[in-house]
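Please find below a short note intended for a colleague meeting this structure for the first time. The points proceed from the whole chain to its parts.

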Amino acid sequence: MQSISPETIYRGNSAWEKSLPQITKLTKRPLILGRGFQTNNLRNNIFNDLKSQKLTVNSANLQFDCCYEDISRVKNIISNNNNDSVIAAGGGKVLDSGKYIAESLNIPCITVPLSASTCAGWTALSNIYTKDGQFIKDVALGSCPKILVFDHKFIQTAPSRTLASGIADALAKWYESSITSSKIDDGLVQQAIQISRVLRDQLLIDGGKAFKGQFENNISWQNTVEACGLTAGLVGGIGGEKCRTAAAHAFHNAITQIITPNKFLHGEIVGVGLLLQLRLEEMKNNNKLADQSIKQLFVLMEELNLPTTIGQLGINVFENNNLEKIADFTCRDKSEIHFLPFEISKGEIIEVITNFEKQKIKT
Ligand SMILES: [Zn+2]
């Protein structure tokens, strides 16, 4: 069974308005799920638009993360209100929670991403974290969302940091899928890998322009937000579980185990994981192009103000046994690191991270 894409996708400047007739057909008592106060105004507008369509609308916010505490609390709210759908309007954590909750209650989910930080509006996956943001596991869902509304006017209101984060996460698709799946004969997987290569090239060309430029009539911005929010999800949909994440996400998952006062976005951590993956490929797989790729990515990541070391994520790996903790989680049995085509030991992870944190990348 493969869930390739949402049933219906609305995209562009008036996507939300255009989606209203279909949403009102699908649901009479939706629950709008959100999180941050920065997006409250947008959610209020969504709420009022649905009310004026004569729907009975409720809303709820996540308190922490896409975690079991929030999930069971929101499920109770939905049962009490008798809601017949979830409209998840926010970033990746909100979208992942909304999809998970809707599936477990057997009601449809409508995703309305409010930034380009993630492809979670598209996928049939939810990443589960602890209340404090430590990665636990990802859960494969039975289907992609019923409707995805990718409204550019909403995405424009998000801080530019979310766009940078989305670019790093989408870039990882090529580097991760090409190394884990290059020997798979399945044609669809091969095609998915090639889409992720074109996606990477477009982001290398347009990412910087999108980050710095205006929104209005900026084709680089439009292509970049859709690459991050839509195409990255499509790659996972077509490639399926064979087109897997590899070391970059394994490093992400391990780094989130260290709780820091300042929270970093998913893609910001994945970006650092991606540079680490390339160092690992250089050391273990004799990948002579890895250093070139690192330099190329480093230029873009600097331009996008993205962190490029674990230190810049607010973690000193040489303190509090942090290096040990990260290496342990990276190498644990269920880790995506084992999708790499070579064996990897904890000692090697420690070596790569130690050298990485001490180095200065020169371009
Ligand atoms: Zn990701």
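1. Overall form. The model is predicted. The C-alpha trace of the protein chain spans about 60 × 40 × 40 Å along its principal axes. The radius of gyration is 20 Å, which agrees with the value near 21 Å that a compact globule of 363 residues would have.

2. Secondary structure. The protein chain contains 13 helices and eight strands.

3. Domains. Two domains are assigned to the protein chain: domain 1 covers residues 8–156 and domain 2 covers residues 160–358. A distance of 26 Å separates the C-alpha centres of domain 1 and domain 2.

4. Contact between the domains. Domain 1 contributes 21 residues to this contact and domain 2 contributes 25 residues. On the side of domain 1 that touches domain 2, helix 5 (residues 152–156) supplies the largest share, three residues. By class, that side of domain 1 consists of eight nonpolar, 11 polar and two charged residues.

5. Helices 7 and 8. The axes of helix 7 (residues 187–212) and helix 8 (residues 219–239) come within 9 Å and cross at roughly 160 degrees. Because angles over 145 degrees count as roughly antiparallel, helix 7 is roughly antiparallel to helix 8. The crossing of helix 7 past helix 8 is left-handed. In the contact of helix 7 with helix 8 there are 14 nonpolar, nine polar and two charged residues.

Methods
Residues are numbered from 1 along each chain as its sequence is written. This is a predicted model: local features need pLDDT of at least 70, side-chain atom pairs count only at pLDDT 80 or more; totals for chains, interfaces and linings use all residues. Axes are lines fitted to C-alpha atoms, for helices over the stretch in contact, and angles run from 0 to 180 degrees between N-to-C directions. Helices (H or I, at least four residues) and strands (E, at least two) are DSSP runs, numbered from the N terminus. Angles under 35 degrees count as roughly parallel, over 145 as roughly antiparallel, 65 to 115 as roughly perpendicular and the rest as oblique. A crossing is left-handed if the near helix is turned anticlockwise from the far one by less than a right angle, and right-handed if clockwise. Ala, Val, Leu, Ile, Met, Phe, Trp, Tyr, Cys and Pro count as nonpolar, Asp, Glu, Lys and Arg as charged, and the others, Gly among them, as polar. Domain bounds come from an automatic or database domain assignment. Two residues are in contact if their C-beta atoms, placed from the backbone, lie within 7 Å. The radius of gyration is taken over C-alpha atoms; the globule rule is 2.2 Å times the number of residues to the power 0.38.
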